[in-house]
Amino acid sequence: MTGGVLVAGIGNLFLGDDGFGPEVARRLAADPGPPLPAGVRIVDYGIRGMHLAYDLLDGYDALVLVDAYPGGGPPGELTVLEIGPDDLGTGEFDAHGMNPVAVLANLHQLGGTLPLTHLVGCTPAGVDEGIGLGEAVAAAVPRAVVAVRALVHRLLLAGSTPSSEPDPALTSAPDRPRRS
């Protein structure tokens, strides 16, 4: 991969579990584990959609979004999805907010193209006003760090073509043990 991988933590810290993405980005950046490979950039975008859109114009080969995701499972469940142009539909871009679908769907208007994109999402318990993650989502943060690391390595090693086999580290729910 020549353009590298952008890991984007997104979400609003003032809306409880919506702060999941920024917290995972913060933990990844501070992780004392082995450093991520060269070409991986970790950014906490919070709710700065325009910043993410402009950074994507730099030509990344892959994007890993980390965000709260209402997947329908129990709070704290991690979900990893590959997102393509057909998954986006349309959305009105707000330069002062963060609607990931709208940011990605309108990237072409800025002259960019959607890189290979994945979401590492966590089912929130609540996104009411308040600072701090709920217990289940906070407990999912370390698993999300492992999942993002595994996904980044797969993207880099496979030349941005991940295997179709699910990686247990990427699909663990809070009540299911992760298999090695």
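Which residues point one way from β5 and which the other way? L116, H118, V120 and C122 lie on one side, T117, L119 and G121 on the other, and all are buried; the legends below return to this strand. The model is predicted: local features need pLDDT of at least 70 and side-chain atom pairs count only at pLDDT 80 or more, while totals for chains, interfaces and linings use all residues. Residues are numbered from 1 along each chain as its sequence is written, and side-chain values use heavy atoms, with hydrogens and water left out.

**Figure 1. Overview of the protein chain.** The protein chain has five helices and five strands, in the order β-α-β-α-β-β-α-α-β-α along the sequence. Helices (H or I, at least four residues) and strands (E, at least two) are DSSP runs numbered from the N terminus. Of the 180 residues, 47% count as buried, meaning under 20% relative accessible area, against over 50% for exposed and in between for partly exposed (1.4 Å probe, protein chains only). The chain exposes about 8900 Å², of which carbon and sulfur atoms supply 54%; areas come from the Shrake-Rupley method with a 1.4 Å probe, and for residues only the protein chains shown count as cover. Among contacts (heavy atoms within 4.5 Å) between residues at least 6 apart in sequence, 79% join residues at least 24 apart.

Figure 2. V7 has I42 as its bridge partner in β2. From β1 the chain crosses through helix α1 (residues 20–30) to β2, a right-handed β-α-β crossover. Right-handed here means that, with the strands pointing away from the viewer, the path from the first strand over the helix to the second runs clockwise.

**Figure 3. Strand β5 and its partners.** β3 and β5 run parallel and are joined by seven bridges, with V120 of β5 as the bridge partner of V66. Strand β4 (residues 78–83) pairs with β5 in the antiparallel sense over six bridges; there, I83 has T117 as its partner.

**Figure 4. The nonpolar cores.** A nonpolar core is a set of buried Ala, Val, Leu, Ile, Met, Phe, Trp, Tyr and Cys residues joined through side-chain atoms within 4.5 Å. In the largest, of 24 residues, V7, F20, V24, V64, V148 and V152 touch the most other members. Two or more residues each come from β1, α1, β3 (62–68), β5 (116–122) and α5 (135–157), and α5 gives the largest share, ten residues. Leaving aside neighbours within four places in sequence, V24 contacts V66, V141, A144, V145 and V148. A second, separate core of 18 residues includes Y45, L63, L65 and V103.

**Figure 5. Helix α2 and residue D55.** G49, L52, A53, D55 and L56 are buried in α2 (residues 49–56). Down the helix axis, the buried residues fall within an arc of 165°, so they line one face of α2; the arc is that of the directions from the helix axis to the C-beta atoms. These residues pack against β1, β2, β3 and α4 (100–105). D55 counts as buried because its relative accessibility is 10%. Not counting residues up to four places away in sequence, D55 touches L6, R41, Y45 and Y60.

Definitions and conventions: Pairing = 2+ DSSP bridges.
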